Each structure stands twice: as structure tokens, then as C-alpha cells.
Amino acid sequence: MAAASNESELQSLFVKGGLVAVVQRAKADLKNAGRTTLNIAVIGESGGGKSSFVSLLGASGIEGRPALTAGKEAQMGPVKHQFSGDDTVSIWDFPGIQTTKFEADSYFNSLTLDKYHFFIVLSGAESEETAWQLTKKIREKQKKKKCYFVRNKLDAYLESVKQREEGQYDETKALEHLRNTLVERSKKESLESTQIFLISSLHRDKFDFQELQRMLKEELPALKEGIRSHVLDQQISSLIDKKKDGLLAETWKIAAASASARVMAIPGSSFVCDIPLLYYNISSYCSSFGLDPSILEMLASAVGKEVEDLKAELKSTFAQEITFNRISQELLQMAGEEIVESTILEFVPLIGQAISAKRSYKMINDLLEKTVRELAEDSKRIIKKVLMLD
């Protein structure tokens, strides 16, 4: 389902059934995350064997580019391939970096990486300097996304070691030395979470290729669910923001009505406020954002969580409890010395005198706006909790 139409459905559900209906729809949507499109970027130096590596993965080209002349590859865009066995996964073979002319910042800035969900940096050079620079740039800009570092052309590497060491050559030790060197470099660059694989595109059954392929296929379901969760989180957050903006546009009316109400005079206070009116509207705000106790109970039941776990995500004052006295205390804190605290901390429905209606209006409107914004953020935290998006 297209993102736009899905968001439209969520909007309709939000209007009719509130947050509970939206969350139930989102949970059902996550069960179908297997059909989510996943884009894998394969990036590396020119001559690193990227095309051979993509073919080794079993990918088949579906969006080709014209034949390239020498030195022109960097001017072209990536080639799209379909991953073998899963038509929802696309592998993008990026133009090779011209190592001798490599400028990390300019090359990286020329790439549009936000659309890609997984990165494989391929190196075929013994120094791997270019590939490490690129890996570091990717991890800096795409911190939450998976990235593999793949050292290709092991056959050529081992042959060079064999020629240098002659009679002392030991393939196992040579591979161990290379792996240790790469691990140490990853630590030096603070890239320990980047998984390292040693392969040769000429030998599918040797070195780490089988392990790389196995891990990639095992990680695809979780990656897809993460992508779908992220999209749903953005869509639902957008609905919450629209609700927030709608309520913010109306707070002035409530503030004006509350500040101009006929009130009982409280000695020592010049603050005008209709507390019951505020209580009613703040309670309505909580319901609008799915945060009143009854809705949280239904939400917890719908997703199989304890309601106390959801309540632990609530940070705003009124999401935790709404009372006349708490509203008065919040107004006191916002108004500062304008209100004599001792005169309004009693449980009274109406406070203040009409002589300060203008100042009262500002304080009340500020309180309502602050409340709406805080409740919106609480609602987003609840969404992340129930959809396990953290």
C-alpha cells in the first residue's frame, strides 16, 4: 500500500476511533512488513569488484545504464538490481570511487543516501583507506542503519602475500593477520559495530561469503520491520502534530472565556480564571491525544502491555493527573508573584478578580499551549512504546 493512502487511512481511523484504532491498525500493518521495500547500497572503490560481488549475491540487473567509457563511471548513477529470492529487496551498485582523485567530502555529499536502508562498503585494495573513509562518513550520517565492510579480492591478496613470504607462506595466518588489521582499524575509527567480511568474488564457497549471505538474509525481516515501524511512527506523529496544531489554534478562545468569566473575588488575588472551564478542556485534550486513564487501559489491553508501563512514559503534568488544585498550582508557577499562592491552593472552582483579565488571559493561554504541546509529546512517546520503536 502506498504511504500516502496508508496515511489517509490512519487519519480516518484517528478521527473515528482515536489512538487505540490507529495503534491496532499499525500493529496489523507491522505483521505484513515482509512486503516492505528494502534498498541496499553497495559502494566502494573503482576496481574493487562491486559488480562481480552483486552478481555473486544472485542479484539480476533490472535498471541498466549505458556502457561506460574509461574514467566516466563516477558521473553515472547507481544501477538497480533485484535480490535473488526476494522481489522486495533492491541492490544498488554505486559508481566506483576514483581512488587516486578521491575527495571524501565531495564524493559523499554527491550521494543521496537517505533512501537506502542498508550499506555494504566494498574494498579491493590492500590499504583499504578509501573504503574506511567512506564507511566512517556513512556511519556519521546514517547512524541507525546497518553497514557491512567487505574486503574483496582475497585471492589477489593471498597471492601477493605468498610471493612476499615464499616458503614461509601460511594462508590461515595471512587471513588472520588481515582480519586483525581490519578489526583494529575499525576500533581506531570508532566503527566497532561495523561487521567485517573477507571474500573473493571468484570463490563463492570460500572465506566469509557464505556467512555474509546467511547474515544478510537473516537480517532482512528485522530490517523491513524497522523500516515499516519508522514509516508508521512518522505517519502517526504527523497525525498527532495535526491534532496539536488544531488545538493550539483554539486555545485563545478558551483563555478568553476563562479570563472574562464572572468570578468570586478571592482576597489578595488579582488573577481571574474559571477553573472548571479549564478542567473540562484539559481533560478533553488528554482524551484527544489518547492519554486519559480509560483510553490507556484500552490501549494497554490492545497491545498486551501493562498500563503502568504506558503511564511511565507520561511526562506532562496533566497527563498524570488533572485536578482543580493542580491547575491552580500550574497557574501560580506561570504567573509568579502576580498571584498570592495561599489564596488559591484551596479546592475552589473560581479564582481571582476581573481587574486583571488581560494578564489572566495571557497566563491561561500560555498554560493551555504548554499543555497541548506536552500532551502531544507524551502521545508520541506512548506510540513508540506500544510499537516498540525505541
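A residue counts as buried when its relative accessible area is under 20%. Tyrosine 148 has 0% relative accessibility, so it is buried. The model is predicted. It comprises 14 helices and nine strands. Of the 390 residues in the protein, 48% are buried.

**Overall make-up**

- The protein exposes about 19,500 Å². Carbon and sulfur atoms supply 50% of that area.
- Take the contacts between residues at least 6 apart in sequence: 73% of them join residues at least 24 apart.

**Helix α7**

- Helix α7 runs over residues 209-248, which makes 40 residues.
- From first C-alpha to last, α7 reaches 56 Å. That is close to the 58 Å expected at 1.5 Å a residue.
- The helix bends by about 35° at leucine 220. A proline, proline 221, follows within four residues.
- Leucine 223 is also placed in helix α7. Its relative accessibility is 14%, so leucine 223 counts as buried.
- Neighbours within four places in sequence aside, leucine 223 is in contact with Leu38, Phe118 and Lys146.
- Leucine 223 and lysine 146 are 77 residues apart along the chain. Their C-alpha atoms are separated by 8.7 Å.

**Aromatic pairs: Phe94 and Tyr116**

- The count of aromatic pairs comes to six.
- In one of them, the rings of phenylalanine 94 and tyrosine 116 have centres 5.1 Å apart. Their planes stand at 70°; an angle over 60 degrees counts as edge-to-face, so this pair is edge-to-face.
- Phenylalanine 94 lies in the loop between β4 (89-93) and α3 (104-109). Tyrosine 116 lies in the loop between α3 and β5 (118-123). The pair therefore ties together parts that are 22 residues apart in sequence.
- Phenylalanine 94 has a relative accessible area of 3%, so it is buried. Tyrosine 116 is buried as well, with a relative accessible area of 3%.

**Aromatic pairs: Phe118 and Tyr148**

- The ring centres of phenylalanine 118 and tyrosine 148 lie 4.8 Å apart. Their planes are at 85°, so this pair is edge-to-face.
- Phenylalanine 118 belongs to strand β5 and tyrosine 148 to strand β6 (residues 146-151), so the pair ties together parts 30 residues apart in sequence.
- Phenylalanine 118 is buried, with a relative accessible area of 0%. Tyrosine 148 is buried at 0% relative accessibility.
- Phe118 is also among the contacts of leucine 223, a residue of helix α7.

**Trp92 cluster and lysine 115**

- Ring pairs link Trp92, Phe94 and Tyr116 into a cluster.
- The charged end of lysine 115 sits over the ring of tryptophan 92. The distance to the ring centre is 4.2 Å.
- Lysine 115 is located in the loop between α3 and β5. At 39% relative accessibility, lysine 115 is partly exposed.
- With neighbours within four places in sequence left aside, lysine 115 is in contact with Asn39 and Trp92.
- Lysine 115 and leucine 38 are 77 residues apart along the chain. Their C-alpha atoms are separated by 9.2 Å.

**Loop residues**

- Lysine 144 is in the loop between α4 (129-141) and β6. Exposed means over 50% relative accessible area. Lysine 144 has 86% relative accessibility, so it counts as exposed.
- Lysine 144 and phenylalanine 118 are 26 residues apart in sequence. In space they are 9.8 Å apart, C-alpha to C-alpha.
- Serine 190 lies in the loop between α6 (171-188) and β7 (195-198). Serine 190 is not a glycine, yet has a positive phi of about 60°. At 59% relative accessibility, serine 190 is exposed.
- Phenylalanine 207 is in the loop between β7 and α7. Its phi is near 65°, a positive value in a residue other than glycine. Phenylalanine 207 is partly exposed, at 24% relative accessibility.

Technical notes. Residues are numbered from 1 along each chain as its sequence is written. This is a predicted model: local features need pLDDT of at least 70, side-chain atom pairs count only at pLDDT 80 or more; totals for chains, interfaces and linings use all residues. Side-chain values use heavy atoms; hydrogens and water are left out. Helices (H or I, at least four residues) and strands (E, at least two) are DSSP runs, numbered from the N terminus. The expected span of a helix is 1.5 Å times one less than its number of residues. The bend at a residue is the angle between axes fitted to the seven residues ending there and the seven starting there. Buried means under 20% relative accessible area, exposed over 50%, partly exposed in between (1.4 Å probe, protein chains only). Contact means heavy atoms within 4.5 Å. Accessible areas come from the Shrake-Rupley method with a 1.4 Å probe; for residues, only the protein chains shown count as cover. Rings of Phe, Tyr and Trp (its six-membered ring) pair if their centres lie within 6.5 Å; planes under 30 degrees apart count as stacked, over 60 as edge-to-face and the rest as tilted. A charge sits over a ring if NZ of Lys or CZ of Arg is within 6 Å of the ring centre and within 35 degrees of the ring normal.
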